[in-house]
Structures are given as structure tokens and as C-alpha cells.
Amino acid sequence: MRSRATRPTTSRCTKAPCCEEVRELTPENHPATAAEAASIIGIGVRPALSLAEQAGLAIDRGITVDEYLETSVPGIFAAGDIARWPDQLTGERIRVEHWVVAERQGQTAARNILGRRERFDAVPFFWTEQYDFSLAYVGHAERFDKAEIEGQLNAEKHDCTITYRRGGKKLAVALVHRDLEGLRAELEFEKTMRGELGR
Ligand SMILES: Cc1cc2nc3c(=O)[nH]c(=O)nc-3n(C[C@H](O)[C@H](O)[C@H](O)COP(=O)(O)OP(=O)(O)OC[C@H]3O[C@@H](n4cnc5c(N)ncnc54)[C@H](O)[C@@H]3O)c2cc1C
């Protein structure tokens, strides 16, 4: 996945007391230097639910689907950023905005539209590259009570694994320049979901 920094989003300046909502950062509306610009975070993606609401689908901060990605109305499926599905690893209903998840859900939904009863049980995954910094994230930890860092993440070296746990249970890992470890983590999560590992 490549960075999509050019995609238009609403941004909020993190620099107090500015904090005005801006559509586009320009030298005029925000005289940030290049160094300051590094601290600006663009957050603002919201699922467009009006069509689904009008169609009478069950909504819960996204379109509610079951493990087959079917909505509350039989025969109507939802996939990708808009879908909130029952995640086997956490036991919670989650909605994830990751490219690979949307792609995999689209495939599962398409097969189920054609009549297969296939559960969506893929482990959420994303990766991104920002210049020479590569990050992958496997699993889903909306809330966690412990984050352990193994390796190095400083000015000299970017090479680490961050493990997120809740109540002792491993829910997600973030990996910096450790692709192979990311694949191993995905496999481990899959085994956990299938009940092959007791954690
Ligand atoms: C700035 C940004 C950076 C991102 N970077 C990453 C990244 O590095 N890694 C990663 O994994 N993910 C990233 N993502 C998330 C990723 O882009 C999404 O998870 C993915 O695109 C979701 O795919 P989707 O098909 O569910 O939704 P979308 O790609 O949003 O597609 C939905 C489509 O439906 C269309 N649509 C909406 N309403 C209607 C309607 N009523 N009728 C017809 N068409 C309609 C929309 O126009 C759109 O084309 C990023 C997202 C953003 C915004």
C-alpha cells in the first residue's frame, strides 16, 4: 500500500491554539514550516450511511453485517470500510479502514452473493510506506492495556515489533521494517481464531 497523502480529507491542526478545521493546508491558511507539517494529522473519514439507512439496513457506526457479510436485509451484503462485522479474534463487532481488508471482504461478499456460505475470518492487515519508513499492522486492538516494544525505534534505527494486549490476550502487532514477522503474526492470529492456540 502506498501512501495516499494527496487524497482530500478535512484536517485539523494539532498545534494549539490554532486547531481550526481546514480543507487544504496552504502557506496562507497555515504558515507551517516543513518541520511543523510533520506533526499535522489528517483524520476525518466517515462512512456515508444515508443510502443504507434509507434502505432500512441495520446501522451501528457502519453497516452491521454478520460473519457472511450479509446485512440485516437478506440478500444485501456490505464489505470494506463501511461494514461492521463480528471479529472472531476479539469477539467484538469491528469496522476497519484498511485496503487489504476491503479487498478480501469484497471477494468473500461476491462469493456469498453467488450462493457460497463463506465466513469472513481474515485477520485485519494493513501496511504503509512513508518515504523510508515502512509500517505494517496485523490484528485489531481498538483498546489495549499493554503495548510492548521489542527492538529499536529511534533516530538511528527503525526495526521493531509493538505487541498490543488486552487482559493478557494478544490482539495486534505493529511492525516496523519486519515484513516476515508480520506474516508469522497473521498465521498465529489465524491459529488463535481457529482455537489451535490457547491465547
Ligand atoms: C488518506 C487515506 C490514506 C489511506 N492509506 C491507507 C494505507 O496506507 N493502507 C491501507 O491499508 N489503507 C489505507 N487507507 C484506507 C483505504 O483506502 C480504504 O480502507 C479502502 O479504500 C476501502 O475500500 P472500500 O472499497 O471499502 O471504500 P472506498 O475505497 O472508499 O470505495 C467506496 C466507493 O463507493 C463510492 N460510493 C459511495 N457512495 C456511493 C453511492 N451512493 N453510489 C455509488 N457509489 C458510491 C465512493 O465514491 C467510492 O468510490 C487510506 C485511506 C485514506 C482516506
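This note goes through the fold, the cores, the strand pairings and the salt bridges of the structure above.

1. Basis. This is a predicted model, in which local features need pLDDT of at least 70, side-chain atom pairs count only at pLDDT 80 or more, and totals for chains, interfaces and linings use all residues. Residues are numbered from 1 along each chain as its sequence is written, and side-chain values use heavy atoms, with hydrogens and water left out.

2. Elements. The protein has 4 helices and 10 strands. Helices (H or I, at least four residues) and strands (E, at least two) are DSSP runs, numbered from the N terminus. The order from the N terminus is β-β-α-α-β-β-β-α-β-β-β-β-β-α.

3. Burial and surface. Of the 199 residues, 34% count as buried. Buried means under 20% relative accessible area, exposed over 50%, and partly exposed in between (1.4 Å probe, protein chains only). The protein exposes about 12500 Å², with 53% of it supplied by carbon and sulfur atoms. These areas come from the Shrake-Rupley method with a 1.4 Å probe; for residues, only the protein chains shown count as cover.

4. Contacts. Take the contacts (heavy atoms within 4.5 Å) with a separation of 6 or more: residues 24 or more positions apart account for 38% of them.

5. Main core. The largest nonpolar core has 16 residues. Such a core is a set of buried Ala, Val, Leu, Ile, Met, Phe, Trp, Tyr and Cys residues joined through side-chain atoms within 4.5 Å. I63, V65, L69, W85 and F120 have the most contacts inside the largest core. β4 (83-86) and α3 (99-113) each supply at least two of its residues. Leaving aside residues up to four places away in sequence, F120 touches E67, L69, W85, V101, R104, Q105 and T108.

6. Second core. A separate core of 11 residues includes V123, A136, V138 and V173.

7. Three-stranded sheet. An open sheet of 3 strands has the order β3-β4-β5, with mixed pairing. Strands pair if DSSP finds at least two bridges between them. β3 (63-64) and β5 (93-94) are the edge strands, each pairing on one side only. β4 and β5 are antiparallel, over 2 bridges. P86 stands opposite R93 in β5.

8. β8 (residues 146-153) and β9 (residues 158-166) run antiparallel, joined by 8 bridges. K146 stands opposite R165 in β9. The hairpin from β8 to β9 passes through 4 residues. β9 then pairs with β10 (residues 169-176), antiparallel over 7 bridges. Here T161 has L175 in β10 as its bridge partner. The β9-β10 hairpin has 2 residues between its strands, and G167 in the turn has a positive phi of about 55°.

9. Salt bridges. There are 15 in the structure, each a side-chain nitrogen of Lys or Arg within 4 Å of a carboxyl oxygen of Asp or Glu. R95 and E97 meet at 3.0 Å, N to O. R95 counts as buried, at 18% relative accessibility, whereas E97 is partly exposed at 36%. E118 and R111 meet at 2.9 Å, N to O; R111 is partly exposed, with a relative accessible area of 30%.

10. Helix-to-strand link. E188 and K170 form a salt bridge at 3.3 Å, N to O. This pair links distant parts of the chain: E188 lies in α4 (residues 179-193) and K170 in β10, 18 residues apart. E188 counts as buried at 18% relative accessibility, and K170 is buried at 16%. Elsewhere, salt bridges that share partners join E150, D159, R178 and E181 into one network.
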